[in-house]
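Subject: Structure for your review

Dear colleague,

Please find below the structure that I am handing over to you. My notes on what was found in it follow directly after.

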Amino acid sequence: MNLNDLSIMSLYSAMAVYALAFIAFAIDLAKRSAAVDAAAVQTADTHGQGAASVAASASSSAGGSGASTLTMNRLSARINNDATTPYSHSASLRVGMSLTVLAWALHLFATVTRGIVADRVPWANMYEFAMTGTLLIVAVYLVVLIRVDLRFLGTFVTGLVLVLLGVAAVSFYVEVAPLPPALQSAWLVIHVFVASLGTGFFALGFALSFVQLLQFRRESLLADTRPVRLRFLATLPSAATLENLAYRVNIIGFILWTFTLMAGSVWAEQAWGRYWGWDTKEVWTFIIWVIYAGYIHARATRGWRGSRSAWLSLIGFAAVLFNFGIVNVFFKGLHAYSGL
Amino acid sequence: MQPKLGVVGWLRFLWRQLTSMRTALFLLLLLAIAAVPGSLVPQRSSDPNGVTQYFADNPDLAPVLDNIQAFDVYSSAWFSAIYLLLFVSLIGCVIPRTKHHFIALRATPPATPARLARLAGFTTRTAPAGTDAGAAIASARTLLKSSGYRVALYDKAGSVSVSAERGYLRETGNLVFHFALVGILVVVGFGGGYGFAGQRVLVEGQTFVNTLLAYDSFNPGRFFDDSTLDPYTLTLDDFAVQYEAENLNAIGQPVDFTAGVTVTPRGEDPEPGEVKVNGPLRTGGTDIFLLGNGYAPSITVTSPDGSDVFSDSVPFLPQDANLTSLGVVKVPDGLAEQVGMIGFFYPTQETATSGAFFSSYPDLIYPMLTLNVYTGDLGLDEGVPTSVYSLNIDDMTQLTGGKTGVETIELRPGQTLDLPNDLGTVTFNNADPTAAADDLSNSVPRFASFDIHHDPTQLWVLSFAVLILAGLLTGLFVPRRRVWVKAVPQSDGTLSLEYAGLARGEDPALEAAVAAVADRHLASLPSTPLPKSGAAAAGADAVKPAVPAVSTPEQT
Ligand code: HEM
């Protein structure tokens, strides 16, 4: 078996392990729901009015979302413990995390060996972008985990990476080929890497905003003492906390994206003689940048904080995926480097 | 008077609406949406051929789209309106904020709130026995000041306190960011007018003089003065290509293009140089970029009486990755009729099962030139500029190929064949006749197409871009916060020290910062009490305005 086969094999192994991790995380979510039910029954036994007391505590934390900066910051400080139902982590969560780390190691090996075979950085065509990009999504997730407990996003992260890697392996695979002259530049290393890293943060921001929207809905339903379906949400941070987390992750992504835009312009000047020419790929990079600038503004605009700004975060990441998956492959432009 | 006031009031209302955060957000989102169509429809600025093609493919839709400037989205009235409004809003928003910021930079931190317990990170410590309240606050003041806080002492309702604020750099960064955006817009909008962009195709051996007439196409900025062109000369000595020959998955893929050139600045000695795809040559105030390349078969047409009526290397435009290339030869004079020829060039010719020719490799292994001959009116006499790359056959008669029943002319390097109707002969010259018979690797000259640019604003744009990034980093990551330390004597004779903070903007580390201040402060308090005079001295300079925190190093 040569090194190239080894790279492909370890990528497929990584996908298999990500799939197992995904299952473990999904089981954990189910267990969370069960834990929430058990807690509700317990409160009902002791107080005889379970639903109402859960609702009351939920609405008290939901009240923070619209309140002053002061409340916001007190909420943000309690990042990991403002869930309405305490939840001690299950074995499946630990299994899921271990599998994710293992899968990431295999993924890293696959990516590095691809780079060695190609004798250059492993991000010069669609297959390689997907491989490195997803590697960075998981890397960002694992690094952020050191500081904030985001293990509840495991299903999302492993699921997203699995889908993207699946598409890459099936539809984008190309054999190693030399770099075309247009890509022979130090800016390939910097510009594309930073863009992928930014994508990692945007992905996490997307996940947090998504859960934030679910959580907000749950909090509103509870405030009206209406029934809630996704019960595991009770073990997750409040919508306000999730919003703060999403914001922090997204602004890091935004700064990396700003840099990507600028580095891309410098490269475009070197390669094509103009730093900006409204090429399709440039247009979409710009659109994404503007959407996230809008997101940052929305957070400072009355009436837009909370759910509305969260939607912008979702739209922003959708544009990132569109830029990668659709613009690269189907749109005409100077950035013809998909390798397909 | 009344209606006039009404107008002013109305304008003021409009202005306030325009500069509101909500409008800014709306315009930003609108800008994102407005940018989308330009990626769906080809743009004249970046893809003029695509636009022509679009008109050909959608003859009904294209004029409608053209009416709404869909092929010039980024210079269209509606796109410009959005971003200009956005920038007016931006300026209207940022100027008052700058004013406020200047005032804030000089103001003393506000009075300590009566009840710190309600604020973020509230924590209390008990001072070492015998600590004087004034001395404790004075040491807190020193501590905070050395950490980059602006400080003020307050003495209210029997408890002394220090009020401190830091992170003014956050707002400074934000303002710098927004101003730099305006800077980019201004520089790009006006400065772009002072530059130019021109294109020139050079066949190996040809020389170009940097003057207006020598360009194949030239797009000057609005304010460009062509007398500022520096007439250096540029010669394309050779064009080296390298194609992948070993990796079976990538045979024929280009690995390297290098244009070997000689630049001669006016009145100076020639200097050798190199232009590569990612490596422009910067000379004479211009940047020279290598944009494309291909083959320029050398073709000679001779009249029946033996005189050469046409002899030139004709750039053929590549049509695919293996450089099947398409070109046109026009012979207006010297033959019985005007003659036009449409040719295909195959660097490594092969024949498909259908009988059609194609090129299987981009380098010169088995080159062939095919020509279809037309006679009639070349359309050169009307004074309308025509492209050298296309032939209008509307007023011409086809003599070879297609439905004529006459075979297309097929030539290998060095071969000569008769033109139909005894018009004369055509020769496909071998550019390297002395090479071995089976070595055709230099038999056809290559051309390179260069873009030559002059843009005096680039450095400005780059500087503003750096400011944007720096402004973003400080505007988003420097925490702006207030911290209070209050000494509250207790009824049992001990001294309780209260600490609390207030975030102004996103500040996830606030609580940790307050706790750190408390710990460091407690550690700085001597376990034996300070003499009373120390406290009095500290109190005396409290009224002096403190040094702005902006100039002090940041602490996180
Ligand atoms: C071209 C248009 C604009 C862009 C691309 C833009 C972009 C941004 C970005 C990236 C930030 C966060 C960076 C930082 O805080 O340093 C920001 C913040 C801000 N912008 Fe803008 N902006 C634009 C126009 C405006 C306008 C018109 C206004 C006023 C109406 C405005 C008001 C603000 C304010 C108040 C903040 C601070 C938000 C906060 O503290 O979270 N911006 N803007």
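The contact between the two chains draws 64 residues from chain B and 57 residues from chain A. Please bear in mind throughout that this is a predicted model.

The interface

The size of an interface is often given as the accessible area lost when the parts come together. Here, about 4800 Å² is buried between chain B and chain A, and carbon and sulfur atoms give 67% of that area. On the side of chain B, the residues that lose the most area to chain A are B:Leu25, B:Asn278 and B:Glu506, which together make up 14% of what that side buries.

Polar pairing also occurs across this interface: 13 residue pairs are in polar contact, with both residues of each pair at pLDDT 80 or more. Several elements of chain B each supply at least two residues to the side that touches chain A, among them helix 2 (21–35), helix 8 (168–191), strand 8 (254–264) and strand 24 (446–454). Helix 9 of chain B gives the most to that side, with 10 residues. Sorted by class, the side of chain B that touches chain A comprises 38 nonpolar, 14 polar and 12 charged residues.

Salt bridges

Side chains of opposite charge can pair when their charged atoms come close. Over all chains, the structure holds 21 salt bridges, and the count between chain B and chain A is 3. One of these links the side chains of A:Glu269 and B:Arg282, at 3.1 Å from N to O. In another, the side chain of B:Glu506 meets that of A:Arg248 at 3.7 Å, N to O. B:Glu506 sits in the loop between strand 26 and helix 10 (510–524) of chain B, while A:Arg248 belongs to helix 8 of chain A, so this pair joins two chains. B:Glu506 was also named above, as one of the residues of chain B that lose the most area to chain A.

The ligand

Where does the ligand lie? Its place is between chains A and B. Of the 24 residues around the ligand, those that come nearest are A:His297, B:Cys93, B:Arg97, B:Asn174 and B:His178. The side chain of A:His297 has an N or O atom 2.4 Å from a nitrogen atom of the ligand. From chain B, the side chain of B:His178 places an N or O atom 2.8 Å from a nitrogen atom of the ligand, and a polar side-chain atom of B:Asn174 is 2.8 Å from an oxygen atom of the ligand.

Elements that give two or more residues to the shell around the ligand include helix 8 (239–272) and helix 9 (280–299) of chain A, as well as helix 6 (77–106) of chain B. The largest share, 6 residues, comes from helix 6 of chain B. By class, the shell divides into 15 nonpolar, 8 polar and 1 charged.

Chain B has 11 helices and 26 strands. Its radius of gyration is 38 Å, well over the 24 Å that the globule rule gives for 556 residues, so chain B is more spread out than a compact globule. The C-alpha trace of chain B spans about 125 × 70 × 55 Å along its principal axes.

A:Trp278, in the loop between helix 8 and helix 9 of chain A, has a positive phi near 55° although the residue is not glycine. B:Leu323, likewise a residue other than glycine, has a positive phi near 60° and lies in the loop between strand 14 (317–318) and strand 15 (325–331) of chain B.

With kind regards

Definitions and conventions. Residues numbered from 1 in each chain as written. Chains lettered and ligands numbered in written order. Heavy atoms only, no water. Contact = heavy atoms within 4.5 Å. Buried area = accessible area lost by both parts, 1.4 Å probe. Salt bridge = Lys/Arg side-chain N within 4 Å of Asp/Glu carboxyl O. Polar contact = N/O pair within 3.5 Å; in protein donor to acceptor, adjacent residues only side chain to side chain. Helix = DSSP H or I, 4+ residues; strand = E, 2+ residues; numbered from the N terminus. Nonpolar A, V, L, I, M, F, W, Y, C, P; charged D, E, K, R; others polar. Near = heavy atom within 4 Å. Rg over C-alpha atoms; globule rule 2.2 N^0.38 Å.
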